[in-house]
Amino acid sequence: MKAELSDIKNKTSNMDKKQLFLENATLLSEKFEIIPLLYGSLGLEYLTGENLNADDVDILIPQVFLTGKWDDFRDVLENNGYTLADEHEHTFEKDEVHYSYASIEELETFADISANEIGKETADGIDFRLLTLQQYLKVYTASSKDGYRKDVRNKKDTEKIALIREHLKKETFNNASSEKNNVIINALKTAFPYTIPVFTGFTFLGISYGVLMTVSGFPAWCPILISIAVYGGSLQFAAVAMLLSAFAPVEVLAVALVVQARHLFYGITMIGRYKNTGWKKFFLIFGMSDETFSINCSTEPPKDVDRPWFMLWVTLLDWAYWIGGTAIGAVIGNFITFNTEGLDFAMTAMFVVIFIEQWLKDKKHHSAIIGMAASVACLTIFGADSFLIPTMLCILFLLGIFRKPIEKVGEEA
(Lines give C-alpha, C1' and ligand atoms only; values in the text may rest on other atoms or scores of the structure.)
Protein backbone atom coordinates (compact mmCIF):
# COMPACT_ATOMS: atom_id res chain seq x y z
CA MET A 1 0.00 0.00 0.00
CA LYS A 2 1.35 3.44 -0.86
CA ALA A 3 2.95 5.57 1.83
CA GLU A 4 1.46 9.01 2.31
CA LEU A 5 3.59 11.99 1.29
CA SER A 6 5.01 13.57 4.42
CA ASP A 7 6.69 16.54 2.74
CA ILE A 8 3.80 17.76 0.57
CA LYS A 9 1.43 20.25 2.15
CA ASN A 10 -1.88 21.15 0.66
CA LYS A 11 -1.90 24.95 0.51
CA THR A 12 -5.50 25.20 -0.65
CA SER A 13 -7.57 24.77 2.50
CA ASN A 14 -10.54 26.78 1.27
CA MET A 15 -11.23 24.78 -1.91
CA ASP A 16 -13.89 22.11 -2.10
CA LYS A 17 -11.80 18.97 -2.54
CA LYS A 18 -14.91 16.84 -2.90
CA GLN A 19 -15.94 18.81 -5.97
CA LEU A 20 -12.41 18.59 -7.31
CA PHE A 21 -12.51 14.82 -6.90
CA LEU A 22 -15.76 14.67 -8.88
CA GLU A 23 -14.15 16.67 -11.68
CA ASN A 24 -11.22 14.26 -11.67
CA ALA A 25 -13.60 11.29 -11.63
CA THR A 26 -15.40 12.70 -14.67
CA LEU A 27 -12.08 12.88 -16.54
CA LEU A 28 -11.16 9.30 -15.59
CA SER A 29 -14.58 8.05 -16.65
CA GLU A 30 -14.54 9.82 -20.00
CA LYS A 31 -10.97 8.90 -20.96
CA PHE A 32 -10.52 5.45 -19.40
CA GLU A 33 -14.02 4.30 -18.29
CA ILE A 34 -12.68 4.16 -14.73
CA ILE A 35 -15.03 4.37 -11.72
CA PRO A 36 -12.54 5.64 -9.11
CA LEU A 37 -12.66 5.00 -5.38
CA LEU A 38 -12.62 8.10 -3.17
CA TYR A 39 -10.19 7.02 -0.50
CA GLY A 40 -8.37 8.30 2.58
CA SER A 41 -9.51 11.12 4.84
CA LEU A 42 -11.53 12.82 2.12
CA GLY A 43 -13.55 9.64 1.53
CA LEU A 44 -14.16 9.34 5.27
CA GLU A 45 -15.24 12.99 5.34
CA TYR A 46 -17.73 12.32 2.55
CA LEU A 47 -19.09 9.28 4.41
CA THR A 48 -19.38 10.76 7.91
CA GLY A 49 -19.90 14.46 7.22
CA GLU A 50 -17.05 15.25 9.61
CA ASN A 51 -14.31 17.77 8.75
CA LEU A 52 -11.03 15.84 8.89
CA ASN A 53 -8.89 18.46 7.12
CA ALA A 54 -7.81 16.10 4.36
CA ASP A 55 -4.37 17.04 3.02
CA ASP A 56 -4.89 15.67 -0.46
CA VAL A 57 -7.26 13.72 -2.67
CA ASP A 58 -6.57 9.98 -2.40
CA ILE A 59 -7.96 7.94 -5.29
CA LEU A 60 -7.84 4.19 -5.93
CA ILE A 61 -7.98 2.91 -9.51
CA PRO A 62 -7.28 -0.42 -11.26
CA GLN A 63 -3.62 -1.49 -10.97
CA VAL A 64 -3.14 -1.67 -14.74
CA PHE A 65 -3.26 2.14 -15.06
CA LEU A 66 -0.35 2.45 -12.65
CA THR A 67 1.77 -0.12 -14.51
CA GLY A 68 1.11 -1.15 -18.12
CA LYS A 69 -1.05 1.87 -19.02
CA TRP A 70 0.80 4.34 -16.83
CA ASP A 71 2.20 6.42 -19.70
CA ASP A 72 -1.23 6.93 -21.25
CA PHE A 73 -2.73 7.70 -17.84
CA ARG A 74 0.00 10.28 -17.08
CA ASP A 75 -0.31 11.92 -20.50
CA VAL A 76 -4.08 12.39 -20.16
CA LEU A 77 -3.74 14.00 -16.73
CA GLU A 78 -0.92 16.27 -17.84
CA ASN A 79 -2.86 17.32 -20.93
CA ASN A 80 -5.70 18.38 -18.61
CA GLY A 81 -3.66 20.62 -16.35
CA TYR A 82 -2.28 18.11 -13.84
CA THR A 83 1.47 18.18 -13.08
CA LEU A 84 3.32 15.04 -12.00
CA ALA A 85 4.67 15.75 -8.51
CA ASP A 86 5.97 12.31 -7.48
CA GLU A 87 6.05 9.47 -10.00
CA HIS A 88 6.92 6.85 -7.35
CA GLU A 89 3.82 7.76 -5.35
CA HIS A 90 1.74 8.44 -8.51
CA THR A 91 0.94 11.90 -7.23
CA PHE A 92 -0.15 14.83 -9.39
CA GLU A 93 -0.79 18.46 -8.54
CA LYS A 94 -3.34 20.90 -9.90
CA ASP A 95 -4.30 24.27 -8.44
CA GLU A 96 -2.13 23.49 -5.38
CA VAL A 97 -4.17 20.35 -4.63
CA HIS A 98 -2.45 16.96 -4.67
CA TYR A 99 -4.07 13.88 -6.23
CA SER A 100 -2.50 10.62 -5.13
CA TYR A 101 -3.40 7.41 -7.00
CA ALA A 102 -3.00 3.83 -5.75
CA SER A 103 -4.16 0.34 -6.74
CA ILE A 104 -7.65 -0.69 -5.71
CA GLU A 105 -6.61 -4.36 -5.91
CA GLU A 106 -4.14 -3.87 -3.05
CA LEU A 107 -7.05 -3.37 -0.66
CA GLU A 108 -7.68 -7.11 -0.66
CA THR A 109 -4.20 -8.01 0.61
CA PHE A 110 -3.91 -4.93 2.81
CA ALA A 111 -7.34 -4.91 4.52
CA ASP A 112 -9.15 -8.00 3.22
CA ILE A 113 -11.54 -5.90 1.10
CA SER A 114 -12.35 -7.19 -2.37
CA ALA A 115 -12.99 -4.63 -5.09
CA ASN A 116 -16.26 -6.43 -5.85
CA GLU A 117 -17.47 -5.68 -2.32
CA ILE A 118 -17.12 -1.92 -2.66
CA GLY A 119 -20.31 -0.06 -3.37
CA LYS A 120 -20.98 2.73 -5.84
CA GLU A 121 -22.21 6.26 -5.19
CA THR A 122 -23.49 8.96 -7.51
CA ALA A 123 -23.12 12.71 -7.01
CA ASP A 124 -23.95 15.37 -9.61
CA GLY A 125 -24.48 12.56 -12.10
CA ILE A 126 -20.93 11.22 -11.56
CA ASP A 127 -20.34 7.63 -10.46
CA PHE A 128 -17.60 6.74 -7.99
CA ARG A 129 -16.83 4.12 -5.40
CA LEU A 130 -16.87 4.63 -1.64
CA LEU A 131 -15.99 2.34 1.28
CA THR A 132 -18.47 1.63 4.05
CA LEU A 133 -17.77 2.43 7.70
CA GLN A 134 -17.00 -1.23 8.36
CA GLN A 135 -14.55 -1.28 5.46
CA TYR A 136 -12.91 1.94 6.62
CA LEU A 137 -12.52 0.38 10.06
CA LYS A 138 -10.65 -2.50 8.43
CA VAL A 139 -8.42 -0.07 6.51
CA TYR A 140 -7.42 2.06 9.48
CA THR A 141 -7.02 -0.95 11.75
CA ALA A 142 -4.62 -2.41 9.20
CA SER A 143 -2.92 0.97 8.76
CA SER A 144 -2.37 1.30 12.52
CA LYS A 145 -0.38 -1.95 12.37
CA ASP A 146 1.64 -0.88 9.34
CA GLY A 147 5.26 -0.01 10.20
CA TYR A 148 5.38 3.47 8.64
CA ARG A 149 1.95 4.60 9.76
CA LYS A 150 2.42 3.14 13.23
CA ASP A 151 5.44 5.40 13.76
CA VAL A 152 4.26 8.52 11.92
CA ARG A 153 0.43 8.52 11.82
CA ASN A 154 -0.60 6.31 14.70
CA LYS A 155 -2.35 9.10 16.65
CA LYS A 156 -4.42 10.25 13.66
CA ASP A 157 -5.32 6.67 12.76
CA THR A 158 -6.41 6.01 16.34
CA GLU A 159 -8.60 9.13 16.26
CA LYS A 160 -10.16 8.03 12.98
CA ILE A 161 -10.81 4.54 14.32
CA ALA A 162 -12.58 6.08 17.33
CA LEU A 163 -14.60 8.32 14.98
CA ILE A 164 -15.61 5.38 12.80
CA ARG A 165 -16.69 3.31 15.80
CA GLU A 166 -18.76 6.21 17.10
CA HIS A 167 -20.55 6.51 13.76
CA LEU A 168 -21.04 2.75 13.60
CA LYS A 169 -22.78 2.86 16.98
CA LYS A 170 -25.09 5.61 15.73
CA GLU A 171 -25.72 3.68 12.52
CA THR A 172 -26.54 0.52 14.49
CA PHE A 173 -28.92 2.46 16.75
CA ASN A 174 -30.61 4.14 13.77
CA ASN A 175 -30.95 0.82 11.96
CA ALA A 176 -32.45 -0.78 15.08
CA SER A 177 -34.88 2.13 15.46
CA SER A 178 -35.81 1.94 11.79
CA GLU A 179 -36.33 -1.82 12.02
CA LYS A 180 -38.51 -1.41 15.10
CA ASN A 181 -40.57 1.26 13.37
CA ASN A 182 -41.02 -1.06 10.40
CA VAL A 183 -42.24 -3.83 12.75
CA ILE A 184 -44.76 -1.48 14.37
CA ILE A 185 -46.05 -0.04 11.09
CA ASN A 186 -46.27 -3.49 9.50
CA ALA A 187 -48.34 -4.73 12.44
CA LEU A 188 -50.63 -1.69 12.17
CA LYS A 189 -51.19 -2.24 8.44
CA THR A 190 -52.04 -5.88 9.09
CA ALA A 191 -54.32 -5.22 12.07
CA PHE A 192 -56.37 -2.35 10.67
CA PRO A 193 -58.41 -4.30 8.07
CA TYR A 194 -59.53 -6.75 10.79
CA THR A 195 -60.92 -3.88 12.86
CA ILE A 196 -62.98 -2.19 10.14
CA PRO A 197 -66.24 -4.01 11.14
CA VAL A 198 -65.56 -3.02 14.75
CA PHE A 199 -65.01 0.57 13.62
CA THR A 200 -68.48 0.62 12.06
CA GLY A 201 -70.21 -0.92 15.07
CA PHE A 202 -68.29 0.91 17.80
CA THR A 203 -68.65 4.29 16.12
CA PHE A 204 -72.45 4.13 15.99
CA LEU A 205 -72.74 2.52 19.41
CA GLY A 206 -70.37 5.10 20.86
CA ILE A 207 -72.44 7.88 19.32
CA SER A 208 -75.57 6.38 20.89
CA TYR A 209 -73.88 6.23 24.28
CA GLY A 210 -72.55 9.77 24.04
CA VAL A 211 -75.96 11.13 23.05
CA LEU A 212 -77.69 9.15 25.82
CA MET A 213 -75.35 10.54 28.47
CA THR A 214 -75.62 14.17 27.41
CA VAL A 215 -79.41 14.15 26.98
CA SER A 216 -79.56 12.56 30.44
CA GLY A 217 -77.96 15.68 31.85
CA PHE A 218 -74.27 14.81 32.01
CA PRO A 219 -71.62 17.21 30.66
CA ALA A 220 -69.94 16.22 27.39
CA TRP A 221 -66.61 15.39 29.03
CA CYS A 222 -68.21 12.83 31.33
CA PRO A 223 -69.07 10.08 28.77
CA ILE A 224 -65.71 10.60 27.05
CA LEU A 225 -63.84 10.15 30.33
CA ILE A 226 -65.91 7.06 31.19
CA SER A 227 -65.22 5.53 27.76
CA ILE A 228 -61.50 6.13 28.22
CA ALA A 229 -61.29 4.75 31.76
CA VAL A 230 -64.08 2.12 31.89
CA TYR A 231 -64.40 0.96 28.27
CA GLY A 232 -67.27 -1.30 29.25
CA GLY A 233 -69.70 -1.26 26.32
CA SER A 234 -72.97 -2.64 27.65
CA LEU A 235 -71.89 -1.84 31.20
CA GLN A 236 -71.64 1.84 30.30
CA PHE A 237 -75.21 1.84 28.93
CA ALA A 238 -76.42 0.11 32.10
CA ALA A 239 -74.48 2.59 34.23
CA VAL A 240 -76.45 5.55 32.90
CA ALA A 241 -79.51 4.59 34.89
CA MET A 242 -77.39 3.65 37.93
CA LEU A 243 -75.65 7.04 37.87
CA LEU A 244 -79.04 8.75 37.86
CA SER A 245 -80.36 6.57 40.71
CA ALA A 246 -79.70 6.67 44.43
CA PHE A 247 -76.15 5.87 45.56
CA ALA A 248 -75.89 2.06 45.81
CA PRO A 249 -72.23 0.98 45.44
CA VAL A 250 -72.80 -2.69 46.31
CA GLU A 251 -75.53 -3.08 43.69
CA VAL A 252 -73.43 -1.26 41.09
CA LEU A 253 -70.46 -3.52 41.84
CA ALA A 254 -72.60 -6.65 41.59
CA VAL A 255 -74.12 -5.60 38.26
CA ALA A 256 -70.69 -4.66 36.88
CA LEU A 257 -69.24 -8.03 37.88
CA VAL A 258 -72.11 -9.97 36.40
CA VAL A 259 -72.31 -7.99 33.15
CA GLN A 260 -68.57 -8.26 32.61
CA ALA A 261 -68.16 -11.78 34.04
CA ARG A 262 -67.55 -13.19 30.56
CA HIS A 263 -64.18 -11.43 30.56
CA LEU A 264 -62.99 -13.91 33.18
CA PHE A 265 -63.29 -16.65 30.58
CA TYR A 266 -61.78 -14.41 27.91
CA GLY A 267 -58.79 -13.85 30.17
CA ILE A 268 -58.25 -17.54 30.79
CA THR A 269 -58.42 -18.21 27.06
CA MET A 270 -55.86 -15.48 26.29
CA ILE A 271 -53.25 -16.42 28.91
CA GLY A 272 -51.15 -18.25 26.35
CA ARG A 273 -51.44 -15.58 23.67
CA TYR A 274 -50.57 -12.74 26.03
CA LYS A 275 -47.45 -14.55 27.24
CA ASN A 276 -44.14 -12.79 26.43
CA THR A 277 -45.86 -9.57 25.34
CA GLY A 278 -43.92 -7.46 27.87
CA TRP A 279 -45.35 -4.07 28.79
CA LYS A 280 -48.07 -4.49 26.16
CA LYS A 281 -49.79 -7.07 28.37
CA PHE A 282 -51.17 -4.39 30.72
CA PHE A 283 -53.05 -2.58 27.95
CA LEU A 284 -54.07 -5.85 26.26
CA ILE A 285 -55.78 -6.89 29.50
CA PHE A 286 -57.41 -3.51 30.08
CA GLY A 287 -58.56 -3.13 26.47
CA MET A 288 -60.14 -6.55 26.03
CA SER A 289 -63.66 -6.36 24.65
CA ASP A 290 -65.88 -8.94 22.98
CA GLU A 291 -64.84 -7.82 19.52
CA THR A 292 -61.15 -7.44 20.38
CA PHE A 293 -61.13 -10.88 22.00
CA SER A 294 -62.72 -12.37 18.90
CA ILE A 295 -60.04 -10.96 16.59
CA ASN A 296 -57.01 -11.62 18.80
CA CYS A 297 -58.17 -15.10 19.72
CA SER A 298 -59.07 -16.34 16.26
CA THR A 299 -56.60 -14.49 14.02
CA GLU A 300 -53.10 -15.76 13.39
CA PRO A 301 -51.09 -12.91 11.84
CA PRO A 302 -48.64 -13.69 9.00
CA LYS A 303 -45.19 -14.94 9.99
CA ASP A 304 -43.56 -11.61 9.09
CA VAL A 305 -45.90 -9.71 11.47
CA ASP A 306 -45.06 -9.34 15.15
CA ARG A 307 -47.97 -10.92 17.05
CA PRO A 308 -47.76 -8.79 20.26
CA TRP A 309 -47.79 -5.59 18.19
CA PHE A 310 -50.61 -6.96 16.04
CA MET A 311 -52.75 -7.67 19.13
CA LEU A 312 -51.86 -4.31 20.65
CA TRP A 313 -52.93 -2.45 17.52
CA VAL A 314 -56.23 -4.37 17.36
CA THR A 315 -56.88 -3.49 21.00
CA LEU A 316 -55.80 0.13 20.64
CA LEU A 317 -57.78 0.74 17.45
CA ASP A 318 -60.98 -0.76 18.90
CA TRP A 319 -60.57 1.36 22.03
CA ALA A 320 -60.03 4.47 19.89
CA TYR A 321 -63.16 3.71 17.85
CA TRP A 322 -65.26 3.52 21.00
CA ILE A 323 -63.84 6.74 22.42
CA GLY A 324 -64.20 8.52 19.07
CA GLY A 325 -67.83 7.48 18.72
CA THR A 326 -68.55 8.57 22.28
CA ALA A 327 -66.97 11.98 21.67
CA ILE A 328 -69.06 12.52 18.54
CA GLY A 329 -72.23 11.51 20.38
CA ALA A 330 -71.40 13.72 23.36
CA VAL A 331 -71.09 16.74 21.07
CA ILE A 332 -74.21 15.88 19.06
CA GLY A 333 -76.22 15.33 22.25
CA ASN A 334 -75.90 19.00 23.17
CA PHE A 335 -77.88 19.94 20.06
CA ILE A 336 -80.63 17.28 20.28
CA THR A 337 -84.03 18.50 21.34
CA PHE A 338 -86.28 15.60 20.30
CA ASN A 339 -87.26 12.59 22.43
CA THR A 340 -84.40 10.06 22.69
CA GLU A 341 -86.31 7.42 24.62
CA GLY A 342 -85.18 3.93 23.61
CA LEU A 343 -81.72 5.03 22.49
CA ASP A 344 -80.13 2.72 25.05
CA PHE A 345 -81.64 -0.20 23.10
CA ALA A 346 -78.72 0.14 20.63
CA MET A 347 -76.54 -2.12 22.78
CA THR A 348 -79.33 -4.69 23.04
CA ALA A 349 -79.70 -4.61 19.26
CA MET A 350 -75.96 -5.20 18.86
CA PHE A 351 -76.05 -8.27 21.11
CA VAL A 352 -79.07 -9.61 19.21
CA VAL A 353 -77.10 -9.29 15.96
CA ILE A 354 -74.06 -10.99 17.54
CA PHE A 355 -76.29 -13.79 18.79
CA ILE A 356 -77.87 -14.31 15.35
CA GLU A 357 -74.45 -14.36 13.64
CA GLN A 358 -73.15 -16.86 16.18
CA TRP A 359 -76.27 -19.02 15.73
CA LEU A 360 -75.83 -19.07 11.95
CA LYS A 361 -72.13 -19.79 12.26
CA ASP A 362 -72.42 -22.78 14.66
CA LYS A 363 -73.78 -26.08 13.43
CA LYS A 364 -74.73 -27.11 16.99
CA HIS A 365 -76.60 -24.71 19.27
CA HIS A 366 -76.33 -26.32 22.71
CA SER A 367 -74.69 -23.28 24.39
CA ALA A 368 -77.18 -20.86 22.84
CA ILE A 369 -80.13 -23.01 23.89
CA ILE A 370 -78.81 -23.19 27.47
CA GLY A 371 -78.46 -19.39 27.51
CA MET A 372 -81.98 -18.77 26.20
CA ALA A 373 -83.59 -21.38 28.48
CA ALA A 374 -81.82 -20.05 31.58
CA SER A 375 -82.79 -16.45 30.71
CA VAL A 376 -86.47 -17.28 30.17
CA ALA A 377 -86.64 -19.41 33.33
CA CYS A 378 -84.98 -16.79 35.57
CA LEU A 379 -87.06 -13.99 34.03
CA THR A 380 -90.20 -15.93 34.89
CA ILE A 381 -89.07 -16.78 38.41
CA PHE A 382 -87.31 -13.58 39.54
CA GLY A 383 -88.93 -10.91 37.38
CA ALA A 384 -87.44 -8.33 35.04
CA ASP A 385 -85.73 -6.32 37.79
CA SER A 386 -83.83 -9.20 39.43
CA PHE A 387 -83.27 -11.92 36.84
CA LEU A 388 -79.83 -10.88 35.51
CA ILE A 389 -77.56 -12.22 38.26
CA PRO A 390 -79.46 -15.54 38.68
CA THR A 391 -79.38 -15.98 34.89
CA MET A 392 -75.61 -15.55 34.71
CA LEU A 393 -75.06 -17.94 37.60
CA CYS A 394 -77.43 -20.47 36.08
CA ILE A 395 -75.69 -20.31 32.69
CA LEU A 396 -72.26 -20.74 34.29
CA PHE A 397 -73.51 -23.70 36.32
CA LEU A 398 -75.11 -25.47 33.33
CA LEU A 399 -72.14 -24.84 31.03
CA GLY A 400 -69.84 -26.20 33.73
CA ILE A 401 -71.89 -29.41 34.03
CA PHE A 402 -72.28 -29.99 30.30
CA ARG A 403 -68.89 -28.62 29.21
CA LYS A 404 -67.38 -31.95 28.13
CA PRO A 405 -70.41 -33.16 26.11
CA ILE A 406 -70.66 -29.75 24.39
CA GLU A 407 -66.94 -29.76 23.56
CA LYS A 408 -67.19 -33.31 22.24
CA VAL A 409 -70.07 -32.38 19.96
CA GLY A 410 -68.13 -29.32 18.76
CA GLU A 411 -65.11 -31.48 17.85
CA GLU A 412 -67.28 -33.93 15.91
CA ALA A 413 -68.92 -31.09 13.99
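User: Let's call it a salt bridge when a side-chain nitrogen of Lys or Arg sits within 4 Å of a carboxyl oxygen of Asp or Glu. Going by that, what is the N to O distance where the side chains of Glu300 and Arg307 meet?

Analyst: It's 2.6 Å for the salt bridge between Glu300 and Arg307. Keep in mind that this is a predicted model.

User: Noted. Is Arg307 buried, partly exposed or exposed?

Analyst: Arg307 has a relative accessible area of 31%, so it is partly exposed. Glu300 is partly exposed too, at 47%.

User: Why does Arg273 count as buried?

Analyst: Because its relative accessibility is 18%, and the cut-off for buried is under 20%.

User: How many salt bridges does a search of the whole structure find?

Analyst: Six. One of them is Arg74 with Glu87, where the closest N and O atoms are 3.5 Å apart. Arg74 lies in helix H3 (residues 70-79) and Glu87 in the loop between strand S3 (83-86) and S4, so the pair ties together parts 13 residues apart in sequence. Glu87 counts as partly exposed because its relative accessibility is 41%.

User: Which of its residues point which way?

Analyst: Val97, Tyr99, Tyr101 and Ser103 point one way, while His98, Ser100 and Ala102 point the other way. Both groups are buried.

User: How does S2 run against S5, parallel or antiparallel?

Analyst: Strand S2 (residues 57-61) runs parallel to S5, and five bridges join the two. Ile61, for instance, has Ser103 of S5 as its bridge partner.

User: What about S4 and S5, parallel or antiparallel?

Analyst: Those two run antiparallel, with four bridges joining S5 to strand S4 (residues 91-94). Glu93 has its bridge partner in S5 at His98. S4 and S5 form a hairpin with two residues between the strands, and in that hairpin Asp95 takes a positive phi near 55°.

User: New topic, the surface. Which residues make the nonpolar patch?

Analyst: Leu264, Phe265, Leu388, Ile389, Leu393 and Leu396, giving a patch of about 560 Å². Helix H11 (262-270) and helix H17 (388-401) are the elements that give two or more residues to the patch. H17 gives the most, with four residues.

User: Where is Phe265, and how accessible is that side of things?

Analyst: Phe265 is in helix H11. At 45% relative accessibility, Phe265 counts as partly exposed.

User: I was also looking at Glu121. What does it touch, leaving out residues up to four places away in sequence?

Analyst: Glu121 touches Ile126, Asp127, Phe128 and Leu130. Glu121 sits in strand S6 (residues 119-123) and counts as partly exposed, at 35% relative accessibility.

User: Last one, the overall picture. How many helices and strands are there?

Analyst: The chain has 18 helices and seven strands. Of its 413 residues, 41% are buried. Among contacts with a separation of 6 or more, residues 24 or more positions apart account for 69%. The chain exposes about 23600 Å², and carbon and sulfur atoms supply 59% of that area.

Key. Residues are numbered from 1 along each chain as its sequence is written. This is a predicted model: local features need pLDDT of at least 70, side-chain atom pairs count only at pLDDT 80 or more; totals for chains, interfaces and linings use all residues. Side-chain values use heavy atoms; hydrogens and water are left out. Buried means under 20% relative accessible area, exposed over 50%, partly exposed in between (1.4 Å probe, protein chains only). Two strands pair if DSSP finds at least two bridges between them. Patches are made of residues with over 30% relative accessible area and no salt bridge: like charges are joined within 9 Å, nonpolar side chains (Val, Leu, Ile, Met, Phe, Trp, Tyr) within 5 Å. Accessible areas come from the Shrake-Rupley method with a 1.4 Å probe; for residues, only the protein chains shown count as cover. Contact means heavy atoms within 4.5 Å.
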